[in-house]
Amino acid sequence: MPARILEPTAENLRRAAEALARGEPVGMPTETVYGLAARAFDPHGVAAVFAVKERPTFDPLIVHVSPAMVARGPGALEALERAAVVSASSLGEDARAVAGRLAAEFWPGPLTLVFPRHPAIPDLVTGGLDTVAVRMPRHPVAQALIDAAGAPLAAPSANRYGRISPTTARDVVDELGDRIGFVLDGGRCEVGVESTVVALDPDGSPAILRPGGTGAEAIERVAGRRSRRPTARVHGPGAAPASPGLLESHYAPSRPMVLLPSRAVDLSPDDATAVAATLPPGGRRVALLVVSGDALAAADALRERTGLEATTISLSASGDPEEAARHLFSFLRALDSTGADVLLAEPCPWREGLGHAIADRLARAAARR
Ligand code: TXA
Ligand code: MG
């Protein structure tokens, strides 16, 4: 039986909490993307999440807490320690101070902070690392589910491993519908890309492990320090990556995807030839994802330069990064289902704020599998 989409009524929240108590994963809306939740202290529930997603166990999960469970503000760290999620005392004073400021400024919201783990957190949640990733989602249904469960919830995005993240309850059913009981409906995700994952160096400098819904510039401003962006990439089996979110291929459509070297209007004759050559033999059907600006103009330019006729969609006709981020995964999904032989994507034109996350997701959606 396919998963049922439940309105987030008090009764349905109770049913969802009961499923979690039985160790059955539940689809949970957040402001970034939909998650697949289990009680963080329940190794069986967490194991079920890995199984449902077909996720390798070296890739750790984010622990989600609510404002009722962990006071907002600079005291968040102490509250997380009392909740047996983190061992903040092993963080240096500078890192503690910065963590407190970041939590006070960005929680609840799309920021995940990596801390030394509390021994009570199951190994499976942390992928065997001695750190744990924590975030306080802003979505009221996520908060209500955490409170109904009465426990922090470990939740990855509710997609099959490596695939496009879901931003509606319907997407979750399409991804995992035959494997889970229900999804709480929280509407369309307001941010549309996942949280920014940040670890703190001993001096409190932020290391951006995954760009996301909170811009690096805003994080630097609040931290009062420059950030760094670890670039270590890991291919294939072997040592665990610093953050498995750095794996090269992710967010992959079922069709091959190619990132254009420039916008369609700016394609050089050589680029145009190379783009036409990305089509498989006999393939003619092309889809084009425009990040910013007019879809028709881009489709016309692509036809003129390559002779290819593309089903085209723009993430934001008006050039608004927030709108583009909100549409990114759902439009990728839509283009993927057109049956095109190849998906083309224009590059992200923004170099700050949400631009980092959009560029990162496009690059990884197009990465060789
Ligand atoms: O917005 C989000 O973060 C969504 C919603 C559901 O909250 N969740 C999400 O989870 O994107 P997931 O599992 O798809 O991505 C979690 C990322 C992975 O890249 C993982 O490697 C990283 O967080 N991560 C988790 N624990 C970590 C740790 N202890 N150290 C470094 N990276 C960690
Ligand atoms: Mg994910």
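Biologist: Which residues does Ala148 touch, not counting residues up to four places away in sequence?

Modeller: First, the ground rules. This is a predicted model, in which local features need pLDDT of at least 70 and side-chain atom pairs count only at pLDDT 80 or more, while totals for chains, interfaces and linings use all residues. Residues are numbered from 1 along each chain as its sequence is written, and side-chain values use heavy atoms, with hydrogens and water left out. Contact means heavy atoms within 4.5 Å. Ala148 touches Leu13 and Ala17. Ala148 also lies 8.4 Å from Ala16, C-alpha to C-alpha, though the two are 132 residues apart in sequence.

Biologist: Where is His250, and is His250 buried or exposed?

Modeller: Buried means under 20% relative accessible area, exposed over 50%, and partly exposed in between (1.4 Å probe, protein chains only). His250 sits in the loop between helix 8 and strand 11 (257-259); helices (H or I, at least four residues) and strands (E, at least two) are DSSP runs, numbered from the N terminus. His250 has 10% relative accessibility, so it counts as buried. Ala148, at 39%, is partly exposed.

Biologist: At what angle do the axes of helix 4 and helix 8 cross?

Modeller: Axes are lines fitted to C-alpha atoms, for helices over the stretch in contact, with angles from 0 to 180 degrees between N-to-C directions. Helix 4 (residues 93-106) and helix 8 (residues 216-223) have axes that come within 9 Å and cross at roughly 125°. Helix 4 is therefore oblique to helix 8, as angles under 35 degrees count as roughly parallel, over 145 as roughly antiparallel, 65 to 115 as roughly perpendicular and the rest as oblique.

Technical notes: Chains are lettered from A and ligands numbered from 1 in the order in which they are written.
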